[in-house]
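Me: Could you go through the charged side-chain contacts in this one with me? I'll ask as I look.

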Amino acid sequence: MTNSDADSLRGMCAPAMRSVMARVPAFTAVIFFLLFSGPPSFRKRDPMDSLQGVVDWSVLLQAAVWVFAGLWTVYQLGRDLRAGRRIPITQAEIAGLVMIACLAVSIFVSEAPLLTAFKIGQLLISLLFAALFVRRHGISKCIDYIFAASVVLTLAIAVCAFVAPDLVFYEDFDMVRLHGDPIAPLPTVATYALFLLITRRRRLSEFRFWILFSFLSTMLVVSLTRHAWFLAIASLLLYLYKESKSAVLRRTTLLLLATAPFVLVFYVFPALNTYRSSDSIANLTGRTDLWVYLVGITILRSPWIGLGYYSASRLVASNFNAGMGTAHSAFVEVFLGGGLISLIPCLILFYLLAYKSLQCLSRTAPRLNFVGGVLFLITATIALMGGDFTAGEIGITFWSLAAFLPAAVDARHPVSGTAHQHLRAVIT
């Protein structure tokens, strides 16, 4: 294990060494929920408003939440430094900080420098807040909070579907979809909640489990988001493989996992052609055309430092398609906004975490290491398809796992012995 990851492991194991986990203060829990939820904007907003500097009550609420979260983070870091405590950092977090520093250069070429600076500030606060939360309270507590917040947000979207349908339903070509964006992206929070519900079935009564399972499954189905359906099915099959005691059942699960994409693409999705056109699968509902266009623009105009993080996608993507307000991919967003100098550390960051998460899929890995690994693969896939790993549910989950995964497993030397026992004490 590398020195930085070992330091991080000791930092996460410290509560276990003191025999009891630090209780999460109410103020910290509120900040976690607000950052995880965005916070909700409670209204639909024209993407051009951000470029034009339009300020309303929702913008003020967003800014206030992130300022308070930033002050909390600075206070906590200052307290550690004054106490002489080392602040452990993983290689993934170093790559993240380098990426953020490189993205900051794009402020000077941005068409909306305040928007770019705000998004980079969100990115930095998400990284630092998640790192502090995981090291203070453990990954198990963090995952518990992700589950609870996801269920609450899914429930809020369901309520709004009846009391404020115009807020959460979206026109999509010739159909209307329940997406829930002003509250939270329904496909993301429903996928998180459904997978994490399965992992804690033993901790719930049969009645509560099946009520929640039915509710979350229904919400995921009515979202009509195909990649979310695939992620939910794949994650549940992986968990079944992990928990199965029968070799025959494990082989059957792997077979189902291997054939699931083909069954969905060639049989299930065409059967639902009335609701979502199967013709859009080939170009990922227009994403591939958008990515080619945005990458081409970046290469021609500013390949090294980009055109301004998030401000560029607001303008350039809207020129391609008026309905597009982002690059619909974390990687394209970073390249378009920050150029190659930002994309390189971004790719290193994702590689480090993807490699660690794949190791966590081993059947011999601790149970919650496995949960963390699957959760990262879900998060990374959603980020690739358009999720915002700057902030919100994707951002907090991504950076929480960036603090945990590199410390939980090493490429050549898995965590073992006393350190392994301490780690399990923290995460279970």
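Me: Is arginine 201 buried, exposed or partly exposed?

Reply: Arginine 201 is partly exposed, with a relative accessible area of 35%, where buried means under 20%, exposed over 50% and partly exposed in between (1.4 Å probe, protein chains only). This is a predicted model, in which local features need pLDDT of at least 70 and side-chain atom pairs count only at pLDDT 80 or more, while totals for chains, interfaces and linings use all residues. Residues are numbered from 1 along each chain as its sequence is written, and side-chain values use heavy atoms, with hydrogens and water left out.

Me: Which residue does arginine 201 form a salt bridge with?

Reply: Its partner is glutamate 206, with the closest N and O atoms 3.4 Å apart; a salt bridge here is a side-chain nitrogen of Lys or Arg within 4 Å of a carboxyl oxygen of Asp or Glu. Glutamate 206 is partly exposed too, at 46%.

Me: Which residues do shared partners join into one network?

Reply: Asp144, Arg200 and Arg203 are joined that way.

Me: How far apart are the closest N and O atoms of aspartate 144 and arginine 203?

Reply: They are 3.6 Å apart, in a salt bridge that links distant parts of the chain, 59 residues apart. Arginine 203 is exposed, with a relative accessible area of 57%.

Me: Switching topic, how many salt bridges are there in the whole structure?

Reply: The search finds 8. One of them pairs aspartate 388 with lysine 119 at 3.1 Å, N to O, and lysine 119 is buried, with a relative accessible area of 9%.

Note on methods:
Helices (H or I, at least four residues) and strands (E, at least two) are DSSP runs, numbered from the N terminus.
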